[in-house]
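Subject: Structure handover

Hi,

Here is the structure I promised to pass on. Please open it first, then read my notes below.

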Amino acid sequence: MRGVTKQMIYQEIIFKNLDNILQFWMLIDAQEQIVHWSKSAAHQLGYSTEEITNQPFTTLLPKGNAENLFFLKRLKEGSHSGSIVNQKARFQQKNGVLIDVELSTQILHQDHQEYLLLSFDNITEVEELQKLVNLKMKEIHQQVHAYQSKDCGDAIQDVLDAVLVSITAGQGLRFNRAFLLLVDEKSQTLEGIQAIGPESREKAWEIYQELRDAPKTLTEMIHYCHSQQIVHDNKVNQLVKKISLPLTEREHFLIHVLQDQKYQLINHEFSLFNTPSVRKIRELFQSDEFILVPMVWHGYSTGLILADNQIMGTPITNLHIQGLTRFTDTATNAIESMKLLVGLENSLHQVKRANIEIRENQTQIVQQEKLAAKGQLVTQMAHEVRGPLSIIGGFARRIFKQLKPEENFFDPLKRIVDTVHTLECVLNDILDDKQQKVIHQPYCDSVKLIHQVMGLLEEEIHQREISVNLNMQGDLPKVKIQEHHLFEIINNLIKNAIEAIDQKGLLSISVKRREQNVDFLIQDDGPGLTVTTMEKMFSPFFTTKEEGTGLGLVVVKKIIDEQGGSLDVTSFVGKGSTFKFSFPTI
Amino acid sequence: MEIKKRLLVVDDEENIRELLKLEFTDLDYEVIVMESAFNALNYLKDHQIDLVILDIKMPGMDGIEALEKIISTQRGMPVVIHSAYSHYKENYLTWSAAAYVVKSGELEELINTVETLIREQG
């Protein structure tokens, strides 16, 4: 008898505490009516116990689904030895809001009657967060595959928002405020990242009213919180950001809980309630009761979730704690997965960028090879030209020597002989043939050279209908530069100006003395030079012309530098360019 | 009457041959012109020549090969390389030539070189 009594006592203990063990449970009879259920289960679904007793179980299922009638039958069919564990399903609260649940059942027999014991957990937030994460994962996945370079940091932010919103505004957790602190691996600190919660009781009431009248899905809630500026700009957010603790500060209770990897309710009963570190946090958040749940990911402490009911002042119950710890697991997984994926995505971008750079370098190498080939061609051409040029020059000189200055062809032949001479010097410069035993005067007459170049280009200037404004000061002294060098400079710059103008424009040339220098100014009213062109125009083989060698300005610059002159370029897009160079006088 | 010095001009370019013939004839040389190295070598076998002006880039046998053959058969023959290319100067095979003159519209250098070499021969 004593044993029976003891058994009865034990059974009594279990039955009395059933609400604590199962929390959300109900007993359903063979007629599929709810005959008994726990207070918290009724509350979770928005009913009072009286309201629902003896009502059909289908009342709890989403309305209008023809399958509802077979729900329990199917459940029983699918059970093993009369039980089912953690099956996902959907219930509808009294106010019409759908919630995701995970339910377990056990068939019980008593007095030839069959009963079904059904317990459930509200996993709406977990489900919704998982859905959101899945969506974000898919977005990132698509971005990675579509080779887009969009910043994926947004995805993490969205998930953080979702976590905090779920804790405070969801169907099950319903804390007043939530704070998120994450471990920063680089700095080895615990950092306050983000928080959510109304600023005042009034604001809280307002939001509560609004949500009660029109319940929202998680995504809608996030939008709502953004619109109410609850997520990013509010006071609690500023509060949490004040927290930054080195992981080595083990005496701090936040670090302690983090590393202990067990949740901790902080209130008057907490042994360290009056220690400095707890007091500081209590003062910061103006809260005397809050729950701390460490975020643990594959054994590593990755952060802390802190939540409280400071606004309404309602106590934190076991239900709250159980819901939050379960949710934290999902939240941790979500956040860490997103971080991983975003990290991966970033690495992929770096690889892609590196790839692009390599490709660009390859293009550059190919380009350089092309240019080298072009350079060889130029050398080859110069050599090929030299032979025929020597013939022209040779015969011209033969005739020229026999002519007297007063004869008709004396002047034209002199021009041919002089120009051939200049061209041969240009060839020697291109081919870098310093060995040529040609004696050059170390100075020259700039006016004569300008006329010589203009004579050569006369035809082209005429054809392009370009007006020329030639402004040369009289009695200019000779300048310290060899004739063929100055020819090369002037010829290149004037030709460039003509090509810049293209058709119908104004070419201005001015030569003036300035103290011990002669300034040459060659100006066009063409399209002007872009910044990029200005930067590159003195690089070998850079050209904007279809048939240019890209050597003209390089030679000009080289000669001016070598011969002690100075060069200055100004250009305005749409207005034209001015090349100004100077050489000292003798 | 002094016997004219005999120059052999070898160049595949007709205009050069003509120009040099005119110029050196003016200077009282007897100028024989050949358009190929092969013909020039044949000619040299049984004719007396005082100096050869030799182009390098020619179809068939080029000037460098011809130079080698001339020097080996006509010991002491002054040969002046006359080319539009200056870089053959770096080629040691041209070093056995008496002079190397780059082609130019101004013939002074070539003329001076030839006259100097002829004078040295005595």
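Start with B:Lys4. This residue is partly exposed, with 41% relative accessibility. Keep in mind that the model is predicted.

B:Lys4 has a partner. Its side chain meets that of B:Asp28 in a salt bridge, at 3.8 Å from N to O. B:Lys4 sits in the segment before strand E1 (6-10) of chain B, and B:Asp28 in the loop between helix H1 (14-26) and strand E2 (30-34), so the pair ties together parts that are 24 residues apart in sequence.

Chain A has salt bridges too. A:Lys73 and A:Glu77 form one, at 3.6 Å from N to O. They are separated by about one helical turn, because they lie 4 residues apart in helix H5 (residues 71-77) of chain A. A:Lys73 is partly exposed at 49% relative accessible area. A:Glu77 is exposed at 57%.

Another pair is A:Glu460 and A:Arg464, at 3.1 Å from N to O. A:Glu460 is partly exposed, with 26% relative accessibility. A:Arg464 is buried, with a relative accessible area of 16%. Over all chains, the search finds 29 salt bridges.

Now look at where the chains meet. 22 residues of chain B are in contact with 20 residues of chain A. The area buried between them is about 1800 Å², and carbon and sulfur atoms give 48% of that. On the chain B side, B:Leu19, B:Gly105 and B:Glu106 lose the most area to chain A, together 26% of what that side buries. There are 6 salt bridges between the two chains. One of them joins B:Glu23 and A:Arg398, at 3.3 Å from N to O. Both belong to a salt-bridge network that also includes A:Lys401 and B:Asp26.

Next, the inside. The largest nonpolar core has 41 residues, and A:Val163, A:Ile167 and A:Ile291 touch the most other members. Helix H7 of chain A gives the most to this core, with 9 residues. Apart from this core lies another, of 36 residues, among them A:Ile450, A:Val453, A:Val511 and A:Leu553.

Last, the surface. A:Ile9, A:Tyr10, A:Ile13, A:Ile14 and A:Ile21 make a nonpolar patch of about 500 Å². Helix H1 (residues 2-16) of chain A gives the most to the patch, with 4 residues. A:Tyr10 lies in that helix. Its relative accessible area is 42%, so A:Tyr10 counts as partly exposed.

Best wishes

Definitions and conventions. Residues are numbered from 1 along each chain as its sequence is written. Chains are lettered from A and ligands numbered from 1 in the order in which they are written. This is a predicted model: local features need pLDDT of at least 70, side-chain atom pairs count only at pLDDT 80 or more; totals for chains, interfaces and linings use all residues. Side-chain values use heavy atoms; hydrogens and water are left out. Patches are made of residues with over 30% relative accessible area and no salt bridge: like charges are joined within 9 Å, nonpolar side chains (Val, Leu, Ile, Met, Phe, Trp, Tyr) within 5 Å. Accessible areas come from the Shrake-Rupley method with a 1.4 Å probe; for residues, only the protein chains shown count as cover. A salt bridge is a side-chain nitrogen of Lys or Arg within 4 Å of a carboxyl oxygen of Asp or Glu. Helices (H or I, at least four residues) and strands (E, at least two) are DSSP runs, numbered from the N terminus. Buried means under 20% relative accessible area, exposed over 50%, partly exposed in between (1.4 Å probe, protein chains only). A nonpolar core is a set of buried Ala, Val, Leu, Ile, Met, Phe, Trp, Tyr and Cys residues joined through side-chain atoms within 4.5 Å. Contact means heavy atoms within 4.5 Å. Buried area is the accessible area (1.4 Å probe) that two parts lose on being put together, summed over both.
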